[in-house]
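User: Could you walk me through how to read a structure like this one? I would like to begin with how two chains meet.

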There are 2 protein chains.
Amino acid sequence: MALPIKISEETFTPRQQAVLTAALDLLVENGDGLTMTAVARRASCSKETLYKWFGDRDGLLTATVQWQAAKVRMPTVDRSHLSAKVLRESLQQFARDLLTTIIGEVSITLNRTAITHAAQEKDSLGNIVLENGPMAIRRRLKPILEAARDARLLRFPSSEDAYRCFFGLVVRDVQIRLLLGDKGLTQSNVEANIEADVVAATDQFLALYGAKANL
Amino acid sequence: MALPIKISEETFTPRQQAVLTAALDLLVENGDGLTMTAVARRASCSKETLYKWFGDRDGLLTATVQWQAAKVRMPTVDRSHLSAKVLRESLQQFARDLLTTIIGEVSITLNRTAITHAAQEKDSLGNIVLENGPMAIRRRLKPILEAARDARLLRFPSSEDAYRCFFGLVVRDVQIRLLLGDKGLTQSNVEANIEADVVAATDQFLALYGAKANL
DNA sequence: GCGGAACCGTACCGTACGGTACGCCTGCGG
DNA sequence: CCGCAGGCGTACCGTACGGTACGGTTCCGC
């Protein structure tokens with residue numbers, strides 16, 4: 001079946017959401033060793049109910065990822081009056097959101113789960129994570145970039161390339177290192193430098209794509 | 001036990017290397033669903049031998065990743081006479097190697113395996129991959145960056161930051177999308193653009209860190 | 001009050017897979 | 001020629017886990 005990308009509030013009943021919360025907690029705690037029995041016990045429900053609601057283990061996993069991923073909300077930027085200052089602050093906000101998201105325990109777990117899943121020729125989880133992560137950022141950022149170009153604040157031939165450059169400047173090697181469990185890169189460690197990194201990445205992006213002296 | 005980071009040629013006998021090759025092939029083919037029985041059958045050896053040589057499944061996995069990761073070789077750059085031209089070409093070579101590596105089937109598989117492993121509170125595989133991937137690049141690149149700074153070709157306060165910026169400009173969202181199984185980003189698709197991306201990333205890096213008009 | 005739907009808890013089944021044991025063959029040193 | 005070490009193939013064991021079945025309880029509509 002084609003998975004719905006969007007999840008509305010009413011997709012899951014409160015009880016079901018409690019189950020999904022339990023599943024997510026277990027996922028974060030125990031890695032991908034998520035068993036149906038454990039979820040049932042944690043959520044105080046029967047396995048039969050799990051299978052009735054979610055079909056099978058994959059369905060539960062999918063629902064969990066989908067439900068959690070949909071909770072990530074992007075800030076809306078007013079692009080009607082873009083000034084250099086507003087643009088810079090918007091970019092910084094995007095960078096901050098992106099960084100704080102990817103270093104979060106939940107994001108790491110979800111990405112790991114989806115990648116593990118993708119290793120078994122199943123890309124549904126990967127698509128959900130992509131759609132709610134990088135692609136969501138892209139959808140929100142590109143209009144702003146294009147508005148900024150129209151306002152002569154930025155210069156680029158392709159907004160796609162500009163977006164991907166911004167992504168690279170912000171994320172760098174942080175995400176892959178966290179996913180691989182690099183001990184030299186704890187969340188708190190990265191967290192302390194977020195503000196500096198946000199400013200640095202934004203400055204670099206503006207240096208590359210700013211129309212003039214936007215530094 | 002502390003895992004040796006370096007693997008010499010003689011660490012494994014040819015027969016053992018054949019077994020590891022079989023394991024790697026299966027890993028690439030079947031994702032993380034690597035079973036001891038499958039490896040034994042593919043390598044035409046008995047399971048008993050596998051356990052004798054590698055201890056347990058984790059040992060086999062570790063040996064496979066370790067052995068394969070060690071095969072990645074970095075180019076050596078002569079940093080005695082660095083000119084702007086040589087620097088640019090060196091950077092481009094690094095970018096090219098990095099990109100061609102991470103889009104390769106084997107790299108994707110190894111990273112996925114290590115990440116899956118990291119989701120179970122085991123970071124040995126992750127460390128091996130990190131050490132032979134990003135960290136290896138860093139070890140080779142940083143001296144060049146610093147030599148270029150000494151030669152007044154580059155300007156930066158921290159070679160660490162410069163390296164990580166370069167990494168971000170080159171990799172961008174390619175690796176995470178491939179790991180997540182993004183269908184809109186096939187290897188061939190990326191491969192076709194490698195040269196353009198290499199040049200673009202290098203130009204951007206030089207624009208940010210070049211001492212003067214190194215564009 | 002009554003029937004039934006939903007659901008909990010638990011017991012159960014089948015299978016897949018990690019790990020072990022054993023019988024057999026081959027090659028080699030003495 | 002003998003014995004034995006190394007290794008192949010296979011059968012086997014135990015367990016963990018996905019998935020199912022079923023009895024008991026609660027709650028809701030009538």
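Analyst: Happy to. Buried area is the accessible area, taken with a 1.4 Å probe, that two parts lose on being put together, summed over both. Keep in mind that this is a predicted model.

User: What is the area buried between chain B and chain A, and what share do carbon and sulfur atoms give?

Analyst: The size of an interface is often given as the accessible area lost when the parts come together. Here chain B and chain A bury about 3,600 Å² between them, and carbon and sulfur atoms give 61% of that area. Three residues, B:Arg164, B:Arg172 and B:Leu180, supply 20% of the area that chain B buries against chain A, more than any other three residues. As for contacts, 41 residues of chain B touch 40 residues of chain A.

User: How many salt bridges does the rule find across the interface of chain B and chain A?

Analyst: Side chains of opposite charge can pair when their charged atoms come close. Across the interface of chain B and chain A there are 4 salt bridges by the rule. A:Lys183 and B:Asp123 meet through their side chains in a salt bridge, at 2.9 Å from N to O. Polar contacts between chain B and chain A come to 7 residue pairs, both residues being at pLDDT 80 or more.

User: Which helix of chain B gives the most to the side of chain B that touches chain A?

Analyst: Start with the contributors: helix 1 (14–30), helix 6 (105–118), helix 7 (124–132), helix 9, helix 10 and helix 11 (187–209) of chain B each supply at least two residues of that side. Helix 9 of chain B gives the most, with 7 residues. By class, the side of chain B that touches chain A has 18 nonpolar, 11 polar and 12 charged residues.

User: Which elements make up chain A, helices or strands?

Analyst: Chain A has 11 helices and 0 strands. Its C-alpha atoms fill a box of roughly 65 × 40 × 30 Å along the principal axes.

User: What does A:Arg96 form with A:Glu195?

Analyst: A:Arg96 and A:Glu195 form a salt bridge, with the closest N and O atoms 2.7 Å apart. A:Arg96 lies in helix 5 (residues 84–102) of chain A and A:Glu195 in helix 11 (residues 187–209) of chain A, so this pair ties together parts 99 residues apart in sequence. Over all chains, the structure holds 26 salt bridges.

Conventions:
Residues are numbered from 1 along each chain as its sequence is written. Chains are lettered from A and ligands numbered from 1 in the order in which they are written. This is a predicted model: local features need pLDDT of at least 70, side-chain atom pairs count only at pLDDT 80 or more; totals for chains, interfaces and linings use all residues. Side-chain values use heavy atoms; hydrogens and water are left out. Contact means heavy atoms within 4.5 Å. A polar contact is a pair of N or O atoms within 3.5 Å; within protein, one must be able to donate a hydrogen and the other to accept it, and residues adjacent in sequence count only if both atoms are side-chain atoms. Helices (H or I, at least four residues) and strands (E, at least two) are DSSP runs, numbered from the N terminus. Ala, Val, Leu, Ile, Met, Phe, Trp, Tyr, Cys and Pro count as nonpolar, Asp, Glu, Lys and Arg as charged, and the others, Gly among them, as polar.
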